[in-house]
Amino acid sequence: MGTDPILLGDEQVRRYVADGFLAFDTGLEPAFHEAVAAELAVSMNEGSPLLGDNLLPRIPMLADLLDSPAVDGAVTSLLGEHYAWAPHRFPHNSEPLADADRTDFDPFLNNARMGPGSISGSGWHQDGHSKAGRSRWHTFRAANLFYFPQDTPLAKGPTRLLAGSHLYSNITLATPDQVVLRDIPKGTAIIADFDVGHAGTPNRTDTTRYMLKFVVLRTQSPTRPTWDHHDAAWRTPDGLHTPHDLPQAWTSLWNWLRGAPRNERAVPTPPADIPRLLEDLRARDPQQRLAAMYDLAALGEVAVPSLVNALLATAGLDRHVAPTPDDMGYYGKSEDHLERKFSPRQFVPEDAAVVLGAIGAPVVEPLAALLDHEDPWMRINAAYALGEAGPEAAGTHADRIGELLDDPVAAVARAATDALCTLPCFGSPTVARLHRLLSRDIDGGEEPAMGEPSLGGRWTKQNHLRYLASLALLARVTGPDPPDGLEQAFIAGLDDETGYTQAIACQGLERLGTRTGLNAAVRHLQTRRWDPNHIRLADRPPRLGVRT
């Protein structure tokens, strides 16, 4: 098997920026995909254990998929050379409908009837980071990889997507012309920004459809293009799936991926337009709202006072108090398109905070002042926006954000921990705080806080914080000049009760590379080894390589 990644080109990356997803052939032999499908048929039969996050140890050949040049190249291109696979991965089956239910299907239909036993959900949704919700970002910090081991024609129920919805705070605003639903050949993968709206589709054939989802994370903000890059200018591709026309937004995000100034080649906006643009932030039409956001960002420093005032206007509304899981706002689907609330499933910041983060350096001092604001929602949004401003602009305040790990409001501590993942330049004092999170119980930490109630399990506020703490440490160990204390912090994470924190701690110790840390990781993994052949029933050829 070849080892050099097959990097994306400029045109493919531009399509990803605008549409929010990209489909590609994984380049593996047909027999590989057939063997994966056979393994899934055995593993997901009635009476077999639900695979869930144990997908890789049960079907280890999937490591060949994740390491393949096509997958490695696509992920490297969009999430950087130091990306990390998250502990969450999931098999989605769509079972055949009864003959009587195999009627014509409206591609935009929400919650279509699915065959009995289907795990694939047919309701339009943006994912929450399983078990421990994180922020939503306009920048590209996480992605789903959807892999189809079988030919999946329309009748078999391909995954459908909402083009351009990765920039939405609320997908109830999506429209039918955003739906992308088409035949998917065997061996196809779709890499989709984590916030793209998507849904399962009814299976109107006689055989099960399988799709495997993997989650991949960026650990470093881009400093240069990591794809096959030749043309620095943003050029809107022909034939986009999204109905939106947002060249100002797309230019900003393209520049971010290139490690260039966000406003490079931006179209100047007259400062006199600020009142109108602020009003447009309240528009229900996503095109109007998103255009206003990036027109404000293009103004730069002159817009900062007005944006800070717009953010301050949301103080005192108890927006740091999470909705309950029976409230659609918990899932980012409130009928009020302006609703922004903290949620253990996913934190959606204020639009003003998103714009401030896109402006960068001029916002740093005004936002740093809000880290001391009496309203938790202000502290949450300030930490988020400083993280989005990036290490070069806001790195000197990373340890100040680290002080919020001791905040009495758990939502603030969680948002601050998430912001540290985007500012991997913090020092030993913050490492010590993260170590304490991983090794000591916090007050009120045992309160249940399930990010995805439908998946079951028992996660607490403390579990959320510890998982995010491990991700912040992983980003830090990947960055320059790792400070003292990382090894001890990761080793403490090995004792956490959740497999997620343990998995990230092992990745961190591997990247750190110290003898003591590697020994601790190996000892930890030895007792948790799972022999997949113990329950294997399907035959497969060994180490099937890249298709020739």
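How many of the 11 residues of strand 2 are buried? I began my notebook with that. I found that 11 of the 11 are buried, so strand 2 is largely enclosed by the rest of the structure. I keep in mind that this is a predicted model.

I noted an open sheet of five strands, in the order 1-7-4-9-2. The pairing is antiparallel. The edge strands are strand 1 (21–25) and strand 2 (84–94), and each of them pairs on one side only. I also wrote down the twist, which averages 20° from one strand to the next.

A reminder to myself: strands of a sheet pair through backbone hydrogen bonds, either parallel or antiparallel.

**Entry: both edges**

Strand 2 pairs with strand 9 over eight bridges, in the antiparallel sense. There I found N93 opposite Y210 of strand 9.

Which strands does helix 1 touch? Helix 1 (residues 10–19) packs on the sheet and touches strand 1, strand 4 (142–148) and strand 7. I noted its direction at about 140° to that of strand 1. Helix 2 (residues 30–43) packs on the sheet as well. I listed its contacts as strand 2, strand 4 and strand 9 (209–217). The direction of helix 2 makes about 100° with that of strand 9.

**Entry: a pair of helices**

I moved on to helix 15 (residues 410–422) and helix 17 (residues 461–478). They pack at an angle of about 20°, with their axes 8 Å apart. Angles under 35 degrees count as roughly parallel, so I call helix 15 roughly parallel to helix 17. Their crossing is left-handed.

I looked up the residues that meet. Those of helix 15 include A410, A413, R414 and L420. Those of helix 17 include K461, H464, L468 and A475. By class, I noted 10 nonpolar, two polar and three charged residues in this contact.

**Entry: A369**

Is A369 buried or exposed? A369 lies in helix 11 (residues 364–370). Its relative accessible area is 53%. Exposed means over 50%, so A369 is exposed. Last, I compared its position with A410.

Technical notes
Residues numbered from 1 in each chain as written. Predicted model: local features only at pLDDT ≥ 70, side-chain atom pairs only at ≥ 80, totals over all residues. Heavy atoms only, no water. Pairing = 2+ DSSP bridges. Helix = DSSP H or I, 4+ residues; strand = E, 2+ residues; numbered from the N terminus. Axes fitted to C-alpha atoms, helices over the stretch in contact; angles between N-to-C directions. Contact = heavy atoms within 4.5 Å. Parallel < 35°, antiparallel > 145°, perpendicular 65-115°, else oblique. Left-handed = near helix turned anticlockwise from the far one by under 90°. Nonpolar A, V, L, I, M, F, W, Y, C, P; charged D, E, K, R; others polar. Buried < 20%, exposed > 50% of the residue type's maximum accessible area, 1.4 Å probe, protein only.
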